[in-house]
Amino acid sequence: YSINQMMDDLTAVIQYYRTSPNQKVFLFGHSWGGMLTAAYINKYPGTISGAVLAEPGGITSDLLEEYGEKSRRLKLFNEVTNDVLYPDQFLTGNENDHAVLDYKLALTYTYAYAKNNDEGVEGPSPFWRLGAGVLKKLSEFADEEGFDFTTNLQQYTKKVLFLYSENNRAYGQSFAAKEAAAFPNVQLSKVTGTGHEMIWFAWDRVQALVLPYLNSLR
């Protein structure tokens, strides 16, 4: 599975739900989803009517590495991490390997919700299926091949809403501004009183920023 296949999947979703050729299409991506949103606009800058990016982890390999060093420091899939957390010693389930892998990843993510964590996350997300297979492939792609989702973004002149959270010390306004600079027309906005998982813990404040932005592009 590759980034290009993910973009093909997103194209298929857009085609499925589009009711007319002139219907506007807006993308909203958070974290890894924000990276995919940037990648899609970079490849198809003329097809998207507007976009909201909420703390994408890094829209180039270098930015991803910089953010990763500040936030999720554990290498979730390396042997050392597995030895420390030893999930394979008590978890089995060959009848559904993918579900077991997702559950193992959820166990390793508990450090991300610890008190005073760098990303300002208030508590566990309301799900445990974290998409371990996709995350592993994305991590491998970033480590082995590198990427740059900014090569055509200057062609995208429509306004982009770029969100960052107040409590994510690993991200912050300076890193948000660094990523947002890839777009020529951007509105950089802070979501107050929350951290990286702003979509779940502060949806009311996110919505208060997103709806006016979308209405301005009607």
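In helix 6, the residues A132, L135, L138, F141 and A142 are buried, where buried means under 20% relative accessible area, exposed over 50%, and partly exposed in between, using a 1.4 Å probe and protein chains only. This is a predicted model, in which local features need pLDDT of at least 70 and side-chain atom pairs count only at pLDDT 80 or more, while totals for chains, interfaces and linings use all residues. Residues are numbered from 1 along each chain as its sequence is written, and side-chain values use heavy atoms, with hydrogens and water left out.

Helix 6 covers residues 132–144. Helices here are DSSP runs of H or I with at least four residues, strands are runs of E with at least two, and both are numbered from the N terminus. From first to last C-alpha, the 13 residues of helix 6 reach 18 Å, close to the 18 Å expected at 1.5 Å a residue; the expected span is 1.5 Å times one less than the number of residues. The buried residues of helix 6 pack against helix 1 (3–17), helix 2 (32–43), helix 3 (61–70) and helix 5 (97–108). Contact means heavy atoms within 4.5 Å. Just after helix 6, G146 takes a positive phi of about 70°.

Next come helix 3 and helix 7. L63, E66 and Y67 in helix 3 meet F175, K178 and E179 in helix 7. By class, this contact has three nonpolar, no polar and three charged residues; Ala, Val, Leu, Ile, Met, Phe, Trp, Tyr, Cys and Pro count as nonpolar, Asp, Glu, Lys and Arg as charged, and the others, Gly among them, as polar.

A search of the whole structure finds four salt bridges, each being a side-chain nitrogen of Lys or Arg within 4 Å of a carboxyl oxygen of Asp or Glu. One of them joins E66 to K70, with the closest N and O atoms 3.5 Å apart. E66 and K70 are four residues apart in helix 3, so about one helical turn separates them. E66 also meets K178 in a salt bridge, at 3.0 Å from N to O. Because K178 lies in helix 7 and E66 in helix 3, this pair ties together parts that are 112 residues apart in sequence. Together, E66, K70 and K178 are linked in a network of salt bridges.

Another salt bridge joins D118 and R169, whose closest N and O atoms are 3.1 Å apart. D118 lies in the loop between helix 5 and helix 6, and R169 in the loop between strand 3 (160–165) and helix 7, 51 residues apart. D118 is partly exposed at 23% relative accessibility, whereas R169 is exposed at 55%.
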